[in-house]
Amino acid sequence: NQALFRTTSGGGGGLQIVCSDLSVQNPLWSINTFYGEELAFGDGTNEHMRIDSSGNVGIGTTNPSGNLHVSSGTSGDATLILEADTDNNNEADNPKLQLRQDSNLVNGEMYLEGNSGDTATDSLANALLLEARDSNGNNTIQFVTGGNMSTPTNGTVRMTIRPDGKVGIGTNDPSEALDVNGNIAASGNVE
């Protein structure tokens with residue numbers, strides 16, 4: 001590694017720009033601090049992004065509390081945009097948010113479907129899809145309410161969609177296409 005820029009502070013900390021190897025065509029460039037100091041990026045008067053000493057990245061916050069923490073501060077919406085197919089030319093290019101665990105043996109996705117049936121059987125064009133997957137076919141989706149982050153208390157599963165399409169409300173093991181544990185109120189015709 002070759003340091004191309006290096007500066008130090010009076011307290012011993014510092015910043016450097018390093019090239020992995022100047023003799024190769026596409027070397028790795030890195031910006032790092034000497035002793036794990038935080039690194040901030042801004043426009044000269046305002047800070048917009050920070051990488052803390054544990055590697056957490058904050059956008060709009062100087063104290064990121066997760067791997068990526070996006071904050072709008074005291075006002076305004078915090079908007080995260082995932083965009084695909086900006087020219088409306090290839091409907092198979094779709095924005096996706098993917099969650100993984102257990103070396104990707106279990107994952108879930110939330111995404112937009114461009115053409116009907118491209119990624120899911122019987123999907124509709126331009127629909128928002130929520131999909132669970134795992135290596136054993138136990139890809140269940142559950143909806144939870146009632147948790148309290150300030151206490152903290154866990155929420156309760158209110159609705160379950162099993163891999164075979166059966167839906168349970170008030171039960172996490174539905175035995176029919178719709179299995180409701182509790183009273184049902186309906187107005188109009190039920191067919």
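Two strands are said to pair if DSSP finds at least two bridges between them, and this sense of pairing is used throughout the tour of what is a predicted model.

**First stop: the sheet of four strands**

Begin with the open sheet of four strands, whose order is β11-β12-β13-β14 and whose pairing is mixed. Its edge strands are β11 and β14, the latter covering 178–180, and each of them pairs on one side only. From one strand to the next, the twist averages 20°.

Next, select residues 141–145 for strand β11 and residues 156–161 for strand β12, which run antiparallel and are joined by five bridges. Within this pair, look for Thr145, which stands opposite Thr156 in β12.

Which residue in the turn of the hairpin formed by β12 and β13 has a positive phi? Select Gly165, whose phi is about 90°, and note that five residues lie between the two strands of this hairpin.

**Second stop: the sheet of three strands**

Now move to the open sheet of three strands, which has the order β8-β9-β10 and antiparallel pairing. Here β8 and β10 are the edge strands, each pairing on one side only. On average, and with direction ignored, neighbouring strands of this sheet are turned by 10° against each other.

Within the sheet, select β9 together with β10, an antiparallel pair that is joined by seven bridges. In this pair, Tyr111 has Leu129 of β10 as its bridge partner.

Finally, show the surface and select Leu82, Leu97, Leu99, Met110, Leu112, Leu128, Leu130 and Phe143, which make a nonpolar patch of about 760 Å². The strands of the previous stop return here, as β8 (96–101), β9 (106–112) and β10 (128–134) each supply at least two residues of the patch.

Definitions and conventions: Residues are numbered from 1 along each chain as its sequence is written. This is a predicted model: local features need pLDDT of at least 70, side-chain atom pairs count only at pLDDT 80 or more; totals for chains, interfaces and linings use all residues. Side-chain values use heavy atoms; hydrogens and water are left out. Patches are made of residues with over 30% relative accessible area and no salt bridge: like charges are joined within 9 Å, nonpolar side chains (Val, Leu, Ile, Met, Phe, Trp, Tyr) within 5 Å. Accessible areas come from the Shrake-Rupley method with a 1.4 Å probe; for residues, only the protein chains shown count as cover. A salt bridge is a side-chain nitrogen of Lys or Arg within 4 Å of a carboxyl oxygen of Asp or Glu. Axes are lines fitted to C-alpha atoms, for helices over the stretch in contact, and angles run from 0 to 180 degrees between N-to-C directions.
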